[in-house]
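Here is a briefing on one protein chain. Look over the sequence and the fold before reading the points.

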Amino acid sequence: RVVANAAGPLIAGAPFNLTVTAVQGVGASAQIVASYQGTAALTLDYVLPTSGTKPLLPGQVTLSSGIATISISYDDAGTIKIKATDSADSNIQGESSELVFIPASFDVKLPNSTEQVNREFNMTITAKNLAGSPTPNYAGTVNLTAVPENGGLTSGTLFIPSVGSFSQGIATISNRYDSWGKVHFEARDSIHSAAKGESASVQFVPKKLDVSLSPPPGSRAADDLYTYYMGESFTLTIKALDYFDNAIKNYGGQVNIDHTTGLIMPPEYQFLPSDAGSYSFNVEADHDEAPFTLSVSDDQAPAVMGTSSPSAQVLKVQVVVGSAYGGTGQLVSVTVKIVDSNGRVIKTDSTTVVQLVFYVSGKKLSEDSLLPTIVLPEVTTLEFINGVAQFNISSTKVETITVFAQPMGASPISETIPGTVNIGSVGQRGVRILSWAETRPPVKPAQS
C-alpha cells in the first residue's frame with residue numbers, strides 16, 4: 001500500500017510525506033506484514049498528461065517492520081500515481097491514489113514597462129515549481145486579471161482574459177488592455193486558486209493626445225489657417241486616444257499646455273473621471289497673435305503629446321468705410337474693408353455681415369426721413385467677400401454723407417471707422433475752387 005500523507009493538491013517541488021506499507025490481503029482485511037524488511041523502488045504512473053520527464057525524489061524507500069514514511073517531492077505539475085515495487089520481487093507492488101500537483105507560482109512577463117492602451121503586447125506566462133523551474137506537464141487554464149495601482153482607478157478589460165495553451169509549462173499570447181493607468185497582471189489557475197503569480201507594474205498610456213480648435217465662422221476656417229478676431233472666444237478640445245484613436249474613457253492624467261503668452265487659457269489640466277477622456281475649454285486673446293499652434297503633452301509621459309492643426313491666428317480688426325467723391329447725379333462707388341491692426345485686408349473673411357447707416361448733417365437717414373435728393377443702395381446689408389464689400393450711392397444735390405458699417409449679430413468687431421462721401425460739381429476727387437468779383441457802383445464825374 002502507498003499513501004501520500006497530504007491533503008488537497010500538492011505543490012510542484014514541495015516535499016510531502018509518503019507512507020509505504022507492506023500488507024497481506026486486500027481491502028479492509030489487509031494486514032501489515034511486520035516481518036517485511038526490504039527496499040521498494042518508487043516510480044511514476046502518469047495520468048494527466050500521460051507522460052513526463054521530471055523524476056520522483058528519492059526514487060526508493062527502505063521498509064522496516066513492514067512500513068516506511070519518507071519525505072519526497074515531485075518537481076512537475078499534473079496528475080500522477082506513485083508505484084512502489086519490491087526491488088527483489090517485482091510481483092510485490094502497490095500504487096497510490098491519484099495525486100494532483102499544481103505549480104508553486106506563475107511568472108508573468110511583459111516586454112515593456114510602458115504600453116499603449118489597446119495596442120497588442122506579448123504576455124508570457126510560465127508555470128513554475130518551488131525551485132523556480134518550469135513545470136512542463138502543466139496543462140491547466142489560467143485566468144488573467146488587471147490589478148490597478150492608481151488609487152481609486154477601476155480595473156479595465158483584457159482582450160484575452162484566460163489562457164490554456166501551455167507547452168512545456170509556458171504560454172505566450174498577444175493581448176490588449178483597454179484602460180489607462182498603472183497596473184500589474186495577476187495569473188491564477190482556474191481551478192486551484194492557490195497557484196498564482198503576478199507581473200511587474202506596467203503603465204498604460206495614450207497613443208497620442210488629439211488637440212483641436214473649434215473653427216471660426218465661414219471662410220475664416222481655411223484649410224491651412226484659422227483666423228479668429230480679438231475678443232472672440234474659441235474652444236480647445238483635448239482628447240486622450242488609444243491605439244485605435246478612440247477616447248480613453250478612464251484617462252486621468254495631467255496634461256501640460258504649451259501656448260503663447262497672448263492667449264488666455266490654463267497652463268495645465270488634470271483630467272477627471274467625468275471627462276471620459278475628452279475635455280474642452282474656451283480660449284481668448286487680448287491682443288494680436290501671429291500664427292500659432294498649441295501643443296499638449298502628458299505630464300508623466302511627455303512623449304505622449306499632440307499639436308493643433310491647422311495653425312491659427314488672432315487679429316484685432318476694424319471695419320473701415322472708405323471715403324469717396326463724385327459729382328451730382330452720378331453713382332459713387334464706396335468700398336468697405338475689414339482690416340487688421342496694420343491696415344491689411346483680411347482676405348479670409350467672406351462671412352462678416354454689416355449694416356450700412358447713413359448720416360447727413362448729423363441726422364440719421366431712414367426710410368421715413370430719406371431726403372428726396374439721395375439714392376441709397378437697394379440693399380443696406382453687405383457681406384464681405386475676401387474682406388471687401390462695395391455699394392453705390394448718389395445725390396442730385398451738393399452735400400456730404402457720412403456712412404457707418406455696423407457688424408450684425410454677436411460680432412467680436414467692436415471698432416468701425418466711418419467714411420465720408422462728398423457729392424459736388426466736380427465728378428472726381430479734387431479741389432473745388434470758388435471765385436468771386438467785387439462790384440462797385442459807377443463813379444460819377446466831378447462837376448465843375
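The model is predicted. The protein chain has zero helices and 43 strands. Its radius of gyration is 47 Å, whereas a compact globule of 448 residues would have one near 22 Å.

**Overall shape and surface**

- Along its principal axes, the C-alpha trace of the protein chain spans about 195 × 35 × 30 Å.
- Of the 448 residues, 41% count as buried.
- The accessible surface of the protein chain comes to about 23,400 Å². Carbon and sulfur atoms account for 50% of that surface.
- The protein chain carries 27 positive and 39 negative side chains. The centres of these two sets lie 10 Å apart.
- Take the contacts between residues at least 6 apart in sequence: 63% of them join residues at least 24 apart.

**Nonpolar cores**

- The largest nonpolar core has 56 residues. Those with the most contacts inside this core are Met 123, Ile 125, Leu 144, Phe 185, Leu 236 and Leu 263.

**Cis peptide bonds**

- Leu 48 and Pro 49 are joined by a cis peptide bond, with omega about -5 degrees. Pro 49 sits in the loop between β6 (38–48) and β7 (56–57).
- The peptide bond from Leu 57 to Pro 58 is also cis, with omega near -5 degrees. Pro 58 is placed in the loop between β7 and β8 (60–63).

- Ser 65 is not a glycine, yet its phi is positive, at about 55 degrees. Ser 65 lies in the loop between β8 and β9 (67–74). Its relative accessible area is 39%, so Ser 65 is partly exposed.
- Ser 361 likewise has a positive phi of about 55 degrees without being a glycine. The loop between β36 (353–360) and β37 (363–364) holds Ser 361. Ser 361 is exposed because its relative accessible area of 71% is over 50%.

**The end of strand β3**

- Thr 21 belongs to strand β3 (residues 16–21). Thr 21 is buried because its relative accessible area, 10%, is under 20%.
- Thr 21 and Gly 169 are 148 residues apart in sequence. Their C-alpha atoms are 34 Å apart in space.
- Ala 22 is found in the loop between β3 and β4 (23–24). Ala 22 counts as buried, at 14% relative accessibility.
- Beyond its neighbours within four places in sequence, Ala 22 is in contact with Gln 31, Ile 32, Val 33, Tyr 36, Leu 63 and Gly 66.
- Ala 22 and Ile 170 are 148 residues apart along the chain, and 40 Å separates their C-alpha atoms.

**Two partly exposed residues**

- Is Leu 272 placed in a strand or in a loop? Leu 272 is in the loop between β27 (268–270) and β28 (278–285).
- Why does Leu 272 count as partly exposed? Its relative accessibility is 41%, which falls between the 20% limit for buried and the 50% limit for exposed.
- Leu 272 and Ala 68 are 204 residues apart along the chain. Their C-alpha atoms are separated by 67 Å.
- Ser 311 is found in strand β32 (residues 311–315). With a relative accessible area of 27%, Ser 311 is partly exposed.
- Leaving aside neighbours within four places in sequence, Ser 311 contacts Asp 224, Leu 225, Tyr 226, Phe 292 and Thr 293.
- Ser 311 and Leu 10 are 301 residues apart in sequence and 67 Å apart in space, C-alpha to C-alpha.

Notes. Residues are numbered from 1 along each chain as its sequence is written. This is a predicted model: local features need pLDDT of at least 70, side-chain atom pairs count only at pLDDT 80 or more; totals for chains, interfaces and linings use all residues. Side-chain values use heavy atoms; hydrogens and water are left out. Helices (H or I, at least four residues) and strands (E, at least two) are DSSP runs, numbered from the N terminus. Buried means under 20% relative accessible area, exposed over 50%, partly exposed in between (1.4 Å probe, protein chains only). The radius of gyration is taken over C-alpha atoms; the globule rule is 2.2 Å times the number of residues to the power 0.38. Contact means heavy atoms within 4.5 Å. Accessible areas come from the Shrake-Rupley method with a 1.4 Å probe; for residues, only the protein chains shown count as cover. Lys and Arg count as positive and Asp and Glu as negative; His and the chain ends are not counted. The place of a charge is taken as NZ of Lys, CZ of Arg, CG of Asp or CD of Glu. A nonpolar core is a set of buried Ala, Val, Leu, Ile, Met, Phe, Trp, Tyr and Cys residues joined through side-chain atoms within 4.5 Å.
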